[in-house]
Structure formats: C-alpha cells, structure tokens
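User: Hey, I'm new to this one. Could you walk me through it?

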Amino acid sequence: MSKTDAHIKWRIAKSGAAKTIIIILAFACVIPLLAIFFYIIKEGITKINWHFIVNLPKPVGETGGGIANALVGSLLIVLCASVIAIPLGILCGIYLSENRSTKLAYYSRLAVDIMQGVPSIVVGIIIYFWLVKPALPFTGKPLGFSALSGSAALAIMMMPIIIRSTEETLKLLPDSLREAGLALGLPYHKVVMRILLPCGISGVLSGVILSVARVAGETAPLLFTAFGNPYMNTNILKPMQSLPLLIFNYATSPYDDWHDLAWGASLILLLWVLILNISTKLITRKWRVQL
C-alpha cells in the first residue's frame with residue numbers, strides 16, 4: 001500500500017469518526033426534548049376534554065373547571081401584540097435593507113441585536129414603569145395592569161425577529177428586480193411594496209410566525225403587565241389571564257386539581273407552538289420564490 005492510499009484511508013476514517021460523533025451528539029440533544037414532549041403529552045392528554053376548554057376555573061375543592069379565560073386571554077394578548085409589532089417590524093426591516101450603509105441603519109441594527117438578547121423579565125419591568133405605573137397624560141390616572149400592557153411587552157420581544165427576518169430576506173433579492181420596477185416608471189414606494197415585499201413574502205411570514213411562537217409561552221413579562229384574571233375578560237384595558245400565567249400559578253400551587261389544569265394547559269400551549277413552527281416550515285417551502 002502506497003503512502004497516498006494510506007493517507008486517503010486515514011482521512012476517510014477521520015471523516016467517518018467525525019460524522020459518527022456529530023450524529024451521536026445530535027441524538028443526545030434531541031432525546032431530552034423528545035422525553036419532555038412525550039411526558040407532557042402523557043400527563044396532559046387525560047386532562048383535556050370539551051369542558052376543560054369551554055369552562056372557567058372553579059374554586060379549590062370543586063370538581064371540573066377549565067381554562068377558557070386563559071385561552072381567550074392568550075389569543076387577545078398575542079393578537080394585540082401582533083397588531084403592534086408586525087407593521088413596525090416589517091417597515092423597519094425594509095428600511096434597514098434599503099439603507100444598509102447609513103449611520104442610522106447601523107445603530108438601528110445594533111439596537112435590534114441588543115433587543116434580541118434582552119431577557120424577557122427585563123422587558124416586563126420596563127413596560128411596568130412605562131405603562132403600568134405612571135399616570136397617563138390625558139386622564140392623569142395610571143393604566144394599571146392590563147392586557148394592553150402585556151401586548152406591548154410581547155410586541156417589543158417580537159419586533160427584533162420580524163425586523164431581522166424581513167431585512168435578511170429582502171437582502172437576498174437581486175438588484176435587478178428593483179431596477180426593473182424603476183425602469184418601468186413605478187414610484188420607489190410601489191417598487192418596494194408591490195415587487196420586493198411580495199417576492200420575499202415567505203421569509204417575512206416565517207419571521208412573523210416564529211415571533212408569535214416565541215412570545216406565546218412567555219410568562220415573565222405578563223407577571224408585571226397583564227397580571228392575570230380568574231374570570232373571563234375581553235377588555236384589553238383590564239387585567240387578563242393567559243396560558244403561561246395560568247400554568248405558572250397552578251403548577252406552583254399545592255392543589256392537585258390545579259396541577260391537572262396546569263398539565264392540560266401545558267399540552268395545549270405546546271401544541272400551539274408546535275403548529276406555529278410547522279406552519280413556518282410549510283409556508284417557507286410552499287411560497288419560496290425562485291429567482
């Protein structure tokens with residue numbers, strides 16, 4: 001056997017060993033996640049039924065009860081946060097992609113990266129001192145704990161993901177698209193809104209859905225803002241219950257009935273986040289634009 005053949009065999013062996021180690025480490029990361037996933041399914045699947053979804057929580061000692069107020073509250077809080085974050089995030093992402101070399105874009109991008117790393121509890125404390133505690137300009141009274149304050153906190157956490165996904169998606173589009181639109185006499189804003197943004201819709205939507213999945217299970221910001229509510233409430237200016245808050249409060253309680261509700265709510269929240277992530281993959285695959 002020549003030296004070259006021995007060297008090739010040695011490199012093939014090293015490559016196979018490295019590949020084996022990578023596969024083992026990948027499975028080592030996935031196995032705990034699967035264990036948690038199946039354990040939540042095992043504990044929560046027996047607690048979920050129609051009454052669990054449509055009924056309100058009952059006092060300790062009474063059988064039954066559900067999480068209808070938390071389901072409605074989570075949907076409203078996340079919906080309001082999306083209304084705040086999605087337009088602002090997409091517009092900011094468009095600005096950063098179209099003005100890449102300006103100083104404002106540089107510092108804005110730096111601020112977005114910093115916001116992405118801020119802990120969620122810090123965001124909740126900031127909104128507490130910005131919206132919950134201080135008096136409003138016109139009424140002179142504080143807003144207090146409310147779903148709107150919780151939505152503002154979640155919107156701040158959503159925006160960095162939407163901004164970065166929009167910016168990076170639009171950066172991938174060739175300059176010929178922009179030049180073709182301008183050559184046809186379209187105004188600049190129509191080139192952006194009717195050509196560039198539709199071409200990158202898969203990446204933008206992926207960022208939007210991922211941001212919703214990111215904040216759907218956040219508890220810390222809502223402790224300082226939405227606060228929770230044992231009753232059904234649809235007024236966003238009042239305290240409102242949500243799934244993460246309900247899970248936190250019931251899981252730390254000493255009552256077995258509340259533990260059962262927490263397991264059922266955990267499974268519903270897990271499935272919600274899972275569906276959002278799967279939707280992101282499907283949207284990206286279906287609406288990918290070939291340029």
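Analyst: Let's go through a helix, a surface patch, the cysteines and some charged pairs. This is a predicted model, where local features need pLDDT of at least 70, side-chain atom pairs count only at pLDDT 80 or more, and totals for chains, interfaces and linings use all residues. Residues are numbered from 1 along each chain as its sequence is written, and side-chain values use heavy atoms, leaving out hydrogens and water.

User: OK, which residues are buried in helix 5?

Analyst: In helix 5, residues 120–132, the buried ones are S120, V123, G124, I127 and V132. Buried means under 20% relative accessible area, exposed is over 50%, and partly exposed is in between, with a 1.4 Å probe and protein chains only. Helices are DSSP runs of H or I with at least four residues, numbered from the N terminus.

User: Where do those buried residues fall, seen down the axis of helix 5?

Analyst: They fall within an arc of 110 degrees, so they line one face of helix 5. The arc is taken from the directions from the helix axis to the C-beta atoms.

User: And what covers them?

Analyst: The cover includes helix 6 (147–172) and helix 10 (220–223). Contact here means heavy atoms within 4.5 Å.

User: Switching topic: is I126 buried or partly exposed?

Analyst: I126, which sits in helix 5, is partly exposed at 34% relative accessibility.

User: How many disulfides turn up?

Analyst: Zero in the whole structure, a disulfide being a pair of cysteine sulfur atoms within 2.5 Å. As for cysteines, C29 is exposed at 55% relative accessible area, while C92 is partly exposed at 24%.

User: What about salt bridges, how many are there?

Analyst: The count is eight, where a salt bridge is a side-chain nitrogen of Lys or Arg within 4 Å of a carboxyl oxygen of Asp or Glu. One of them pairs D113 with R164, the closest N and O atoms being 3.6 Å apart. That pair links distant parts of the chain: D113 is in helix 4 (residues 103–117) and R164 in helix 6, 51 residues apart.

User: Which residue does K171 pair with?

Analyst: K171 pairs with E167, with the closest N and O atoms 3.1 Å apart. Both lie in helix 6, four residues apart, about one turn of the helix. K171 is partly exposed at 29%, whereas E167 is buried at 0%.

User: And R214?

Analyst: R214 meets E218 in a salt bridge at 2.2 Å, N to O. Elsewhere, salt bridges that share partners join R109, D113, R164, E167, E168 and K171 into one network.

How values were computed. Helix = DSSP H or I, 4+ residues; strand = E, 2+ residues; numbered from the N terminus.
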